Amino acid sequence: IRLALADGPLKGRHVIVTSGPTHEPIDPVRYIANRSSGAQGAAVAAALRDLGARVSFVTGPALVPPPQGVDVVAVETAQQMRDAVEAALPADAAVMAAAVADWRVLNGSERKLKKDGSGRPPALEMAENPDILSWISQAPQRPRLVVGFAAETDDVTANATAKRARKGCDWIVANDVSPGTGIMGGSENAVTLITAEGAEDWPRMAKGAVAARLAARIAETIG
Ligand code: CTP
Ligand code: CA
């Protein structure tokens, strides 16, 4: 069943959200991936939905289920995620919360690789994946507001500010995922919002609260 869209400041607006990891196959039983539960992306999609937006939720294989009341497009690889985002355009805003694998395996195999008894592992050839955030930031159908995420372990604000400029997006939601913080895989997040105006440190709060605050800011900007 399709739930009716909520009434709210984002009614009539379309937002694309990417979420979760991507899986880059090595063979039918093995893959390369980033660590990502998909919790923050799912929370952002739910918060946008609650403000009345139509949400296209493009998700890799995440641990948490997608929220109800959004249009779910399930993908596996970065290339599939890019194509799904393109197919979902046009949109008023895009929030790229996915932990996209930076590389894919070029010499993957249709058959399971077997140990050959030599003790030597197979040599994997890798290629860089398309950068979905950079691509959408320059796309002819660029959404009015493009938001990226940046998980960093060092110099969070400086790295995220440089990343915002490099990628050409409007905002970066940066967080410190150093092991000591307990952010990675946890239920809370402590983020810094980087905009053209500078860096804003938000207090540590539940991922759902970060999502609600981000969705409210998006509504102020494109609502
Ligand atoms: N991103 C993307 N496509 C990629 C890689 C990243 O859309 N192929 C997006 C992520 O969803 C995130 C932002 O770019 O919103 C930043 O991701 P991050 O991995 O921090 O950036 P990278 O440019 O890959 O830099 P790094 O070398 O630090 O991993
Ligand atoms: Ca990366």
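**View 1. Asp102 and the residues it touches.** Leaving aside residues up to four places away in sequence, Asp102 touches Glu128 and Asn129. The model shown here and in the other views is predicted. Asp102 is found in the loop between strand 6 and strand 7, the latter covering residues 103-105. Is Asp102 buried, partly exposed or exposed? With 14 other C-beta atoms within 10 Å, Asp102 is partly exposed, because a residue counts as buried at 20 or more such atoms and as exposed at 12 or fewer.

**View 2. Lys167 in helix 4.** Lys167 lies in helix 4, which is made of residues 156-167. This lysine has 21 other C-beta atoms within 10 Å and is therefore buried, the cut-off being 20 or more. Which residues does Lys167 touch, not counting residues up to four places away in sequence? They are Leu133, Ser134, Ser137 and Gly148.

**View 3. Positions that UniProt lists as "binding site".** An unreviewed UniProt entry places this feature at Asp102, Lys112, Pro130, Asp131, Ile132, Leu133, Phe149, Lys163 and Lys167. The positions span 66 residues in sequence, and their farthest two C-alpha atoms are 37.8 Å apart, so they do not all gather at one spot.

**View 4. Strand 4 and its two partners.** Strand 4 consists of residues 54-59 and pairs with strand 5 in the parallel sense, over four bridges. Strand 1 also pairs with strand 4 in the parallel sense, here over six bridges. Which residue of strand 4 stands opposite Val15? That residue is Val55. On the side of strand 5, Asp71 is the bridge partner of Ser56, and Val73 stands opposite Val58. In a regular strand, side chains alternate between the two faces of the sheet.

View 5. Strand 4 is mostly covered, with five of its six residues buried.

Methods. Residues are numbered from 1 along each chain as its sequence is written. Chains are lettered from A and ligands numbered from 1 in the order in which they are written. This is a predicted model: local features need pLDDT of at least 70, side-chain atom pairs count only at pLDDT 80 or more; totals for chains, interfaces and linings use all residues. Two strands pair if DSSP finds at least two bridges between them. Helices (H or I, at least four residues) and strands (E, at least two) are DSSP runs, numbered from the N terminus. UniProt positions are given in the numbering used here, feature names are shortened, and annotations may be inferred rather than shown by experiment. Two residues are in contact if their C-beta atoms, placed from the backbone, lie within 7 Å.
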